[in-house]
Amino acid sequence: SNNNIQNSGIRYSIYGIPTVTEGGYIFSGLSYILSWLGVVNTENDQYDELGKISPVIFTEDNYHITDAVILEPKNITSMKDALIKYGALTVFVNGANPKNEYFNNETNASYCNNESLGNHFVTVVGWDDNYSRTNFKLDPGHDGAWIVKNSWGTDWGNKGYFYLSYYDAPLTSDYAVGYVINNTEVYDRLYQYDVAAFQDSYFGSTKGNDILYRNYYTSAEGDLIAAVGTYFQNPNQNYKITVFVNGKQVYTQSGKSKFKVFETVKLNKYVAVGKNSNFTIQIQTKTAPYLENSRQYFEKGTSIYQNGDNIIDFSAEGKAFCIKAYTFKNNNTDSNPTQYYSPGNTVIKGFVEGAKVTISQDGKSIASTTVKNGKAEFDKNLTPGNYSLTVEYDDIEIEDIFEIYSISRSEERRVGKECR
């Protein structure tokens with residue numbers, strides 16, 4: 001739905017940009033889609049030229065996309081490669097009005113030589129290297145054209161399509177956006193602060209060193225953090241993702257970005273988070289993408305930048321870092337378990353039957369067992385402290401945390417009575 005995409009990003013939407021009253025930017029549709037506000041089918045929100053308010057619509061037909069790439073349309077070869085790898089591309093052009101001097105109504109061909117006249121987004125679906133330059137009203141100087149789908153219905157152009165010169169000025173003055181459909185995981189929940197309205201804003205060190213940016217969240221249910229998404233300014237950009245649960249570091253994964261713009265990194269191990277638990281996603285890299293000039297309100301202390309000893313609360317400035325956490329429902333009934341110390345074997349409840357559970361401390365494995373009757377019983381008496389749990393079943397591996405308190409429940413009650 002073109003209507004839903006536009007109206008979700010303008011000033012009348014709670015997720016919109018206050019200064020935008022109509023249309024949008026090349027990143028408007030991108031951030032809308034990555035935020036899971038869409039894609040919504042047109043029949044659910046028909047185009048309304050005068051209306052500027054659309055609801056947030058969730059249906060079984062919504063598409064969830066987790067990766068995207070941007071390209072320079074001047075690089076014709078990379079555009080062709082992207083069409084083959086990813087499919088259709090979104091580009092910025094001059095609206096192909098049959099009455100203007102840039103559109104040939106007889107050949108349905110468009111070439112504009114003024115980059116400042118871009119005002120419309122369309123979809124590139126193919127190309128023709130041999131399309132003659134003589135088919136355009138103005139001579140672009142070379143043959144070759146993109147085959148483009150417009151959004152004005154099948155009564156316009158050649159059943160809704162037209163030719164666009166490779167050398168069109170508005171086209172080559174902006175990015176092209178493609179969507180990568182390699183990640184077909186159906187995640188259950190998305191945690192984020194950057195809901196739509198991203199405008200290609202990045203923050204980094206003037207010295208070019210790595211910086212840290214992190215977002216703090218509270219889990220709505222028992223979740224398994226399965227993937228983390230963020231924007232990258234360049235492909236092959238080094239990153240390090242660290243996940244904390246209730247203030248404790250649980251998992252770290254490093255790598256290099258595959259795309260320029262947005263990538264969702266699948267975690268090699270899932271991280272368990274209990275209901276109402278606090279978790280933090282921290283990313284170390286060269287630049288930190290952030291959302292600004294949005295109508296959204298961000299609670300102080302939820303989005304933090306750090307460069308050495310320099311720490312800035314971006315959320316206190318009405319900004320938020322673009323970090324998305326994708327989760328699955330946790331089939332283990334108890335995440336982040338705790339218990340009081342007691343003599344005898346250590347028993348932890350709430351795991352999937354047949355799962356292998358390994359308990360570690362300071363990176364060293366202490367004991368392993370198989371879950372029986374919902375219990376993981378270790379042939380060890382563990383002393384009070386913090387431990388790591390690794391749970392394995394159905395070809396997945398989950399990292400969790402486990403804490404044993406220093407006094408027993410009965411001792412706690414006795415101490416409480418003495419204090420009274």
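Guide: Two strands pair if DSSP finds at least two bridges between them; strands (E, at least two residues) and helices (H or I, at least four) are DSSP runs, numbered from the N terminus. This is a predicted model, in which local features need pLDDT of at least 70, side-chain atom pairs count only at pLDDT 80 or more, and totals for chains, interfaces and linings use all residues. Residues are numbered from 1 along each chain as its sequence is written, and side-chain values use heavy atoms, with hydrogens and water left out.

Visitor: Which strands form the open sheet, and in what order?
Guide: The order is E14-E13-E16-E11-E18-E19, six strands with antiparallel pairing. Strands E14 (248-256) and E19 (310-313) are the edge strands, since each pairs on one side only. From one strand to the next the twist averages 20 degrees.

Visitor: What makes E11 and E16 a pair?
Guide: Strand E11 (residues 211-218) and strand E16 (residues 278-285) share eight bridges in the antiparallel sense, and at least two are required. Arg-214 has Gln-282 in E16 as its bridge partner.

Visitor: Why is E16 called largely enclosed?
Guide: Because six of its eight residues are buried, E16 is largely enclosed by the rest of the structure. Buried means under 20% relative accessible area, exposed over 50%, partly exposed in between (1.4 Å probe, protein chains only).

Visitor: Why does Lys-80 count as buried?
Guide: Its relative accessibility is 16%, so Lys-80 counts as buried. Lys-80 lies in helix H3 (residues 76-86). Leaving out residues up to four places away in sequence, Lys-80 touches Trp-127, Asp-129, Trp-146 and Tyr-166, where contact means heavy atoms within 4.5 Å.

Key. Axes are lines fitted to C-alpha atoms, for helices over the stretch in contact, and angles run from 0 to 180 degrees between N-to-C directions.
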